[in-house]
Amino acid sequence: MKAIIIGATSGIGRELARQMSKDGYILGLAGRRTHLLDSLQAELPSQCFTSCLDLTNITESVRAFNELLKTMECGGEDKRADECVNKGVDIVIINSGVGSADPEYPLSDELQTVAVNVAGFTAMANLAYHYFSEKKSGHIVGISSVAAVKGGLSAPYHASKAYVSNYLEGLSCRSHVNNNNIIITDIRPGFVDTDMAKGDGVFWKAPVEKAAKQIIDAIQKKRRVVYVTKRWRIIGLLLGCLPFTIYRKFIR
């Protein structure tokens, strides 16, 4: 099996790469920090390829993603396209995401969140969908968040994750109508022990190893929507049912 992980340099993406490599996956690792990609590649036991990709630059990201697909199709060897038939990528995991905890809510931070989590995500998901449409099979995995269920103080982060979940649902509908056998999985993590959940006493913060293991299990079972860790499904259901007036008092 071949899988691309977009946003593999840290956190959930990096741990997914470690565990999937141990399981024998051939990996394509994409991220904006070349030195972290290189260090990750050096520690993985299975074959892997890297690509420097910054989702704030859509044009370059599209080029880099397409190049990575072509490289992985032929195992990095220089072959004609017809020699690489049925040797393409099976899974694309879109893990890249940013969020700001600055209480001043600067415009620059909010625009960057939208640029990466909405525009960048859309570009990668659209390319993956068209790629798998041609193959008539494939699996797109988007890392959303429990934050997708309700708005919050970090307005663009919550809104962008709601966009990710809705976009993935739309792709699932599109795949069903077009009958092109593309599996769509929406992963909604709660707090995971990464740089995005800093500080002590964070509610239900899960080890990144446990979160990655559950994500891989969801991928293998071809699940549609999965909360990580599993108990966050309770929070997701409660948030969905909670009247806004009560929710607003709670977050205050």
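Which residues of α1 are buried? Before you click, two notes. You're looking at a predicted model, where local features need pLDDT of at least 70 and side-chain atom pairs count only at pLDDT 80 or more, while totals for chains, interfaces and linings use all residues. Residues are numbered from 1 along each chain as its sequence is written, and side-chain values use heavy atoms, with hydrogens and water left out.

**Stop one: α1.** Select residues 11-22, which make up helix α1. Helices here are DSSP runs of H or I with at least four residues, strands are runs of E with at least two, and both are numbered from the N terminus. The buried ones in α1 are Ile-12, Gly-13, Arg-14, Glu-15, Leu-16, Ala-17, Gln-19, Met-20 and Ser-21. Buried means under 20% relative accessible area, exposed means over 50%, and partly exposed is in between (1.4 Å probe, protein chains only). To see what does the covering, show β1 (2-6), β2 (26-31), α2 (34-43), β4 (91-94), β6 (182-189) and α6 (208-220), which are included in the cover. Then step just past the end of α1 to Gly-24, which has a positive phi of about 95°.

**Stop two: His-139.** Now pick His-139 in strand β5 (residues 138-143). With a relative accessible area of 6%, His-139 is buried. Show side chains and you'll find a polar contact of 2.7 Å between those of His-139 and Thr-185. (A polar contact is a pair of N or O atoms within 3.5 Å; within protein, one must be able to donate a hydrogen and the other to accept it, and residues adjacent in sequence count only if both atoms are side-chain atoms.)

**Stop three: α4 and α5.** Select 107-135 for α4 and 155-178 for α5; their axes come within 9 Å and cross at roughly 15°. Axes are lines fitted to C-alpha atoms, for helices over the stretch in contact (heavy atoms within 4.5 Å), and angles run from 0 to 180 degrees between N-to-C directions. The two helices are therefore roughly parallel to each other, a label for angles under 35 degrees. Where they meet, look for residues including Phe-121 and Tyr-129 in α4, and Tyr-167 and Leu-171 in α5.

**Last stop: Phe-203.** Head to the loop between β6 and α6 and click Phe-203. Phe-203 is partly exposed, with a relative accessible area of 44%. Leaving out residues up to four places away in sequence, Phe-203 touches Phe-191, Trp-232 and Ile-235.

Conventions:
Expected span 1.5 Å × (residues − 1). Parallel < 35°, antiparallel > 145°, perpendicular 65-115°, else oblique.
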